[in-house]
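Dear colleague,

Please find below the sequence and the structure that I am handing over to you. My findings follow directly after them.

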Amino acid sequence: MLLALTAHIALAGYGDPIDGIPNAWERELHVWTNAARVEPEAFAEHYDCGFDSFKPNEQEPQMPLLWEDGLGDAARFHTDDMADTNNFSHTSSDGTSFGARLERYYSGGYVGENIAMGYGDPWEAVIIGWMCSTGHRENIMSSNYEELGTGVRDTWYTQDFGAQGVDIAAHSVRLGAHIPENPGGSAELIAAFYDASGADVVRLRAIVNGVPKRMKLAYGTESSGIFSADIDVTDSCTAYFFEAELADGTFDTYPEEGVYGFGTCDWVDQEAQWMHRDADGMGFGDSGPEPEEERDAPAHREWRKWPFAGCNSTGTRAGWTFLVLLPLLARRRR
C-alpha cells in the first residue's frame, strides 16, 4: 500500500492548530518533554535506570523546545500509520524511511525521532520510557535541537525533533496544555516559558474563561521553566490561553490567536478543542471557517499504569513481548 504523504501550509498563529494538530495529548507530551529538558534531575526518583547513569551533558538543563507545525504533521502521520498497521518502526508501513518521511514535512539540517507504544499517558512515555533509554534520552536532552512535533493516538507516541536555525527568542511561551485530558472537578494547566536573554518572566498566567490565574514555577528556572496552575472546573465549557509579561514590558501569548480547552464548547477545531479568542480573552466558535479536512476524534484514553516498562538502548524491536513495550529512536543529519 502506497501511503499519501502531504505537507500542510501553516496559516495559523504560533501554537494554533491546523486540522486538529496538536491535540490535547500531543501538547501534553510536548510539555513533559520540555519539563525533562529544563530540569532532568527533578524526575530522578522516577527513573528506573537511575539519574547517575545519565551522561554529564544529559544531566544539564536545556532550553524548552518550540512547537513546529511540519514536525507535528510528520509525527501525527507516523503515529497514525503505526496504529493503523500495527507497525512499530521508524520506517513507514509502505517502506518509506524515517529521513525521507521527515523531508516531506520539514526542511532542516538535523532531525531525530523517538517512538513508543503501550505507555498509559504522555508522562509515562517521556519519563518512564524515553528518559530511561540511552538513545532516546540523547534525543530529548540534545542541545542541537530547537523544535519539536509530537503525535499521539491511544498509546502510540512519536516525537520528531529538528533544527533549522530558527529564532529561538521568537516565542517565550513555548507550549501549554491541561491535565488530565478530560478533567472532572479540577485540572492542572502547565506551560513552558523561555527567555533567550536569561531574564525572568515578570508574570505568567493562564486566562481561563476570561479570568486570569497566576502560574507558579514547577520545574526549571524563571527564565527557562515549566509553570503550572490548578483550577476548579465549574463550567461545562472551559477555554484557556497563556500570557507572559516580559521584562521589557511586552506580552507573549500561547496559542497566539485562539484558546484551547475542554468540555462542551463551540469548538472551531473539534479534535484540537480550539476556537478563536475575543478581545476579553474568551473563546467563541463562530468566527472562522471549519477545517477543510476533518479527522475522527481520538477515543477516550483511560489513565492506566503498565506493570512493566522497558528501556531499549539498541534501537531494535527485540524483547518487546508481554507488557514490556519499548521506545525506538532514529537520528539523521542532513
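**Overall picture**

Of the contacts in the protein with a separation of 6 or more, 69% are between residues 24 or more positions apart. Please bear in mind that this is a predicted model. The protein has 334 residues, of which 57% are buried. Its secondary structure consists of five helices and 16 strands.

**The four-stranded sheet**

I begin with an open sheet of four strands, which follow the order β5-β6-β10-β9 with antiparallel pairing. At its edges are β5 (173-179) and β9 (216-221), each of which pairs on one side only. From one strand to the next, the twist averages 20 degrees.

Strands of a sheet pair through backbone hydrogen bonds, in either a parallel or an antiparallel manner. In the present case, β9 and β10 (residues 224-232) run antiparallel and are joined by five bridges. These two strands form a hairpin, with two residues between them. Within this pairing, Thr221 stands opposite Ser224 of β10, and Tyr219 stands opposite Ile226 of β10.

Helix α1 (residues 24-38) packs on this sheet, where it touches β5, β6 (186-194), β9 and β10. The direction of α1 makes about 120 degrees with that of β5.

**Helix α1**

This helix deserves a separate paragraph. It comprises 15 residues, and the distance from the first C-alpha of α1 to the last is 21 Å, close to the 21 Å expected at 1.5 Å a residue. At its N-terminal end, α1 is capped by Asn23, a side-chain oxygen of which lies 3.1 Å from the backbone nitrogen of Trp25.

How many residues of α1 are buried? The number is 15 of the 15, and α1 is therefore largely enclosed by the rest of the structure.

In soluble globular proteins, nonpolar side chains tend to be buried together. The largest nonpolar core in this model has 71 residues, and those touching the most other members are Val126, Tyr157 and Phe242. Helix α1 provides the largest share of this core, with seven residues.

With neighbours within four places in sequence left aside, the contacts of Val126 are Leu29, Trp32, Thr33, Ala36, Met131, Ile140 and Gln159.

There is also a second, separate core of eight residues, among them Leu71, Ala74, Phe98 and Tyr106.

**Backbone geometry to note**

Most residues other than glycine have a negative phi, and most peptide bonds are trans.

- The Ile179 to Pro180 peptide bond is cis, with omega near -5 degrees; Pro180 is located in the loop between β5 and β6.
- The Tyr254 to Pro255 peptide bond is also cis, with omega near -10 degrees; Pro255 is located in the loop between β12 (251-254) and β13 (258-263).
- Asn86, which is not a glycine, has a positive phi of about 55 degrees; this residue sits in the loop between α2 (69-85) and α3 (98-103).
- Asn209, likewise a residue other than glycine, has a positive phi near 50 degrees; its position is in the loop between β7 (203-208) and β8 (211-214).

Is Asn86 buried or exposed? Its relative accessible area is 52%, so Asn86 counts as exposed, the cut-off being over 50%.

Asp94 also lies in the loop between α2 and α3. With a relative accessibility of 24%, Asp94 counts as partly exposed. The side chain of Asp94 makes a polar contact of 2.8 Å with that of Thr96. Between Asp94 and Asp81 there are 9.5 Å from C-alpha to C-alpha, and the two are 13 residues apart in sequence.

With kind regards

Note on methods
Residues are numbered from 1 along each chain as its sequence is written. This is a predicted model: local features need pLDDT of at least 70, side-chain atom pairs count only at pLDDT 80 or more; totals for chains, interfaces and linings use all residues. Side-chain values use heavy atoms; hydrogens and water are left out. Two strands pair if DSSP finds at least two bridges between them. Axes are lines fitted to C-alpha atoms, for helices over the stretch in contact, and angles run from 0 to 180 degrees between N-to-C directions. Contact means heavy atoms within 4.5 Å. A nonpolar core is a set of buried Ala, Val, Leu, Ile, Met, Phe, Trp, Tyr and Cys residues joined through side-chain atoms within 4.5 Å. Buried means under 20% relative accessible area, exposed over 50%, partly exposed in between (1.4 Å probe, protein chains only). The expected span of a helix is 1.5 Å times one less than its number of residues. A polar contact is a pair of N or O atoms within 3.5 Å; within protein, one must be able to donate a hydrogen and the other to accept it, and residues adjacent in sequence count only if both atoms are side-chain atoms.
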